[in-house]
Amino acid sequence: MINDPFTLTFHLKQQTPHLHFLHRQAGPTLRITELKAKLDRLIAKHEFQDQFEQAREYLVGYNHANGKRDALKTKWDNEHFRAFDYRMRLDFPTRAEDKQEMWAISTPSAKFGKTIKNESNDDYLAETPYFADNDKTDLLHEDLKKGILFIKPIQLSIFTLHDRLRKALKECLPMLIAQENFGCRQSKGFGSYWLENQSFEEAVKKLIDKGEIQGAWSLRKTFRPEDLNDLFRQISSDYRIIKSGFNHPMDPSKYKKSLLFTYFADKSNIRWEKRKIKQDIQLVRPGILKQNRDPLDRANGKDENYYQDPPGSNYEYKYIRALLGLAEQFEFQSSYGDKIKVKVSHPDIERFKSPITIKVVNGRIYWLALHHQTDNIVGKVFEFSAEQGSTSFFRNTPIAVPTKFDLGDFLQQHLTTLGYSPLNR
């Protein structure tokens, strides 16, 4: 046990499988480079108000003899290179029985509750909000991506000679671990950790008070450690209902409207991009689209005018799903031939971090609404192209993201209908 006055010791309890690019290799998952970079940015903001002159003597490379400044200032101006003068060490459990490797899969055969095992008889997560290349593969040992889960706590030791940094670390580390997940697919609950003997909900309330997040909501249900399948099925289902709605191909009675669509439809004349794209496809080739439920028509009537707007409606079509994260492409079912693929692009935006982080702590699911994240996407104009095989229906059709969106208001209205309760300050 490290007990010297210059070292802080924490114990991280992993809550969900951690997906990372070295998933086929044995060894640790959480990386100090990722952990320290995120922690440095939080310390710079809340301990030093992002002011270089306040922080410089606590930065790596600061020379107390001559007050070395210029090189440090250049790095400070790029917030991704702000490095404070402390060292971190992670000690992972070493016994094989203290680590599990969980399959994180969502292949076509794994969806909708079908029971499967892969050829090595590994454990698996049958339906998750993580797709990547897994939805294009069969149950092949070398192709499916793994999530690694340590059962025993991971020890985190932080050494620094600076009293002020030790104080800042004690303050900021719980906020960081409460707000962030690690590895791939962070926003959907993978790579969630928490600190032993500390209150997660108190750390979340501190994030709200300090303006890091707009609010937080927790599902009233608690899952057991052995119920990871059910937990991720819950996350996947809730997120789909919130963003895109849900169509079960074998059970139409399970259809759910997108709550994001409903939010805009109830408040304004704005409708979502999917309807506009369907209309443009139908203009080129009538009858090519397989008619499914469309939330624009609440009664879901089907006739020759199914894709036309009602007379006098004057709907304003916007790319509303971008507000919860970008997709490079999506697909529509066709009445014949291949699926119709719709590609989305923007000249300056390739990625947009989801404004929602889903945390899992002690079997509870929490949704965190990040502050100001949607400011980076509102009003942006994206271009859409649709094709089926070698046939192009249209190219570079512009559709803009709505100019205003209150994420906290949206989640407060609609997460509560799914069984979530807000965490109050």
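Student: What should I know before reading any values?

Tutor: This is a predicted model, in which local features need pLDDT of at least 70 and side-chain atom pairs count only at pLDDT 80 or more, while totals for chains, interfaces and linings use all residues. Residues are numbered from 1 along each chain as its sequence is written, and side-chain values use heavy atoms, with hydrogens and water left out.

Student: How many helices and strands does the chain have?

Tutor: Helices (H or I, at least four residues) and strands (E, at least two) are DSSP runs, numbered from the N terminus. The chain has nine helices and 18 strands.

Student: What percentage of the residues is buried?

Tutor: Buried means under 20% relative accessible area, exposed means over 50%, and partly exposed is in between (1.4 Å probe, protein chains only). Of the 425 residues in the chain, 51% are buried.

Student: How do I read a pocket?

Tutor: Rolling a probe the size of a water molecule over the atoms shows where empty space is left. On a 1 Å grid over the protein atoms alone, a pocket is an open set of points where a 1.4 Å probe fits, with protein on both sides within 12 Å along at least five of seven lines; lining residues have an atom within 4 Å of a point. Grid points are joined across faces, edges and corners, and the volume is the space filled by probe spheres set on the points. Here the second largest pocket holds about 690 Å³.

Student: Which residues lie nearest the centre of the second largest pocket?

Tutor: They are Arg41, Glu79, Glu180, Glu212 and Lys353, out of 20 lining residues. Helix H1 (32-46) and helix H4 (163-179) each supply at least two residues of this lining, and H1 gives the largest share, four residues.

Student: How many residues of each class does the lining of the second largest pocket have?

Tutor: Ala, Val, Leu, Ile, Met, Phe, Trp, Tyr, Cys and Pro count as nonpolar, Asp, Glu, Lys and Arg as charged, and the others, Gly among them, as polar. The lining has nine charged, eight polar and three nonpolar residues.

Student: How do I read a salt bridge?

Tutor: Side chains of opposite charge can pair when their charged atoms come close. The cut-off used is a side-chain nitrogen of Lys or Arg within 4 Å of a carboxyl oxygen of Asp or Glu. The structure holds 23 salt bridges. In one of them, aspartate 40 and lysine 36 have their closest N and O atoms 2.8 Å apart. These two are four residues apart in helix H1, so about one helical turn separates them. Both aspartate 40 and lysine 36 are buried.

Student: Which residues are linked with Glu34 in a network of salt bridges?

Tutor: Lys38, Glu180 and Lys353 are linked with Glu34. Glutamate 34 lies in helix H1 and counts as buried because its relative accessibility is 13%.

Student: Is glutamate 226 buried or exposed?

Tutor: Glutamate 226 is exposed, because its relative accessible area is 54%. Its side chain meets that of arginine 224 in a salt bridge (3.4 Å, N to O).

Student: Where does valine 378 lie?

Tutor: Valine 378 is in the loop between strand E15 (364-370) and strand E16 (381-388). At 21% relative accessibility, valine 378 is partly exposed. Contact means heavy atoms within 4.5 Å. Leaving aside neighbours within four places in sequence, valine 378 is in contact with Leu323, Val401, Pro402 and Thr403.
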